[in-house]
Every structure is written in C-alpha cells, then in structure tokens.
Amino acid sequence: QVQLVESGGGLVQAGGSLRLSCAASRSIFSNSAMGWYRQAPGKQRELVADITSGGSTNYADSVKGRFTISRDNAKNTVYLQMNSLKPEDTAVYYCNARKPSGMAIIVYWGQGTQVTVSS
C-alpha cells in the first residue's frame with residue numbers, strides 16, 4: 001500500500017514558488033524524521049531538507065534561504081515551500097520518512113513529484 005503520497009509539483013517560471021505536500025500514514029509519520037530529496041536527470045538523489053519529529057530542520061546549502069520545510073503533526077503531512085525557484089531546482093522531488101524501530105531505522109519513500117522550473 002502507498003504510505004507516502006506527494007503532491008504539489010508542476011511547471012513554474014524562474015523566480016516563482018511552489019509548495020509540495022507529503023501525506024503519510026499515521027503509523028509512519030509519528031516519531032519519524034521526514035525529508036525531501038530530489039533527483040535531476042543524470043544526477044544522484046540528494047537531500048534538500050529534513051525535519052525531525054521535534055521540529056529541528058536541516059537544509060542543503062543550495063536551498064537555504066529559499067526553501068522551508070515544515071510538518072503538521074495533526075495532519076500527518078510534511079511540506080516544502082519553495083520560493084525564488086531556479087532552473088537548477090528542476091528535478092523529481094521525493095518524500096522520505098525515517099522511522100526508528102528498535103535499534104534500526106526503517107526508511108520509506110514516496111513515488112516522487114516532478115518540479116520543472118523554466119528560465
């Protein structure tokens with residue numbers, strides 16, 4: 001069953017904004033660190049931003065000051081607000097959950113949503 005569902009991708013002009021959403025099942029979202037990764041054609045998947053269950057955030061240098069990650073624990077949803085978008089932000093964006101399970105971490109991925117920024 002699909003446990004992470006992304007939405008909000010699309011085509012936007014440079015300088016524009018998009019907000020991505022990732023809805024998770026409650027069993028995954030609770031006490032999980034959530035993150036957004038992206039993968040451009042021919043490149044490796046890279047971390048964009050993540051947020052712990054306590055709300056601490058971390059950003060890639062390339063998006064600091066432009067992107068904001070947040071989570072709504074009541075809605076089991078994590079968001080990525082993307083402002084001042086650049087053509088180099090074009091990629092498939094993936095939602096990620098890392099859930100502690102005993103001594104292990106279980107990792108979940110969404111199916112991805114395309115973000116295309118035109119110049």
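Strand S7 (residues 67–72) pairs with S8 in the antiparallel sense, the two being held together over 6 bridges. The model described here is a predicted one. Within this pairing, aspartate 72 has threonine 77 in S8 as its bridge partner. The hairpin formed by S7 and S8 has 4 residues between the strands, and there asparagine 76 takes a positive phi near 55°.

S8 also pairs with S3, again in the antiparallel sense, and 6 bridges join these two strands. On that side, alanine 23 stands opposite threonine 77 in S8. Strand S8 covers residues 77–82, and because 5 of its 6 residues are buried, the strand is largely enclosed by the rest of the structure.

| Residue | Strand | Relative accessible area |
|---|---|---|
| Serine 21 | S3 (residues 18–24) | 15% |
| Valine 117 | S11 (residues 113–118) | 6% |

Serine 21 lies in strand S3, and since buried means under 20% relative accessible area, its value of 15% places serine 21 among the buried residues. Residues up to four places away in sequence being left out, serine 21 touches Val5, Glu6 and Ser7, then Trp36, and finally Thr77, Val78 and Tyr79. Thr77 is therefore both a contact of serine 21 and a member of S8, the strand with 5 of its 6 residues buried.

Valine 117, in strand S11, counts as buried at 6% relative accessibility. When neighbours within four places in sequence are set aside, valine 117 is in contact with Val12, Gln13 and Ala14, and also with Leu85, Lys86, Pro87, Asp89 and Thr90. The C-alpha atoms of valine 117 and glycine 16 are separated by 8.3 Å, although these residues are 101 residues apart along the chain.

The largest pocket has a volume of about 170 Å³. Of the 13 residues that line the largest pocket, Arg38, Ala40, Lys43, Glu46 and Glu88 are the closest to its centre. Sorted by class, the lining of this pocket has 7 charged, 4 polar and 2 nonpolar residues.

Definitions and conventions. Residues numbered from 1 in each chain as written. Predicted model: local features only at pLDDT ≥ 70, side-chain atom pairs only at ≥ 80, totals over all residues. Heavy atoms only, no water. Buried < 20%, exposed > 50% of the residue type's maximum accessible area, 1.4 Å probe, protein only. Contact = heavy atoms within 4.5 Å. 1 Å grid on protein atoms, 1.4 Å probe; cavity = no way out; pocket = protein on both sides within 12 Å on 5 of 7 lines; lining within 4 Å. Points joined across faces, edges and corners; volume = space filled by probe spheres on them. Nonpolar A, V, L, I, M, F, W, Y, C, P; charged D, E, K, R; others polar. Pairing = 2+ DSSP bridges.
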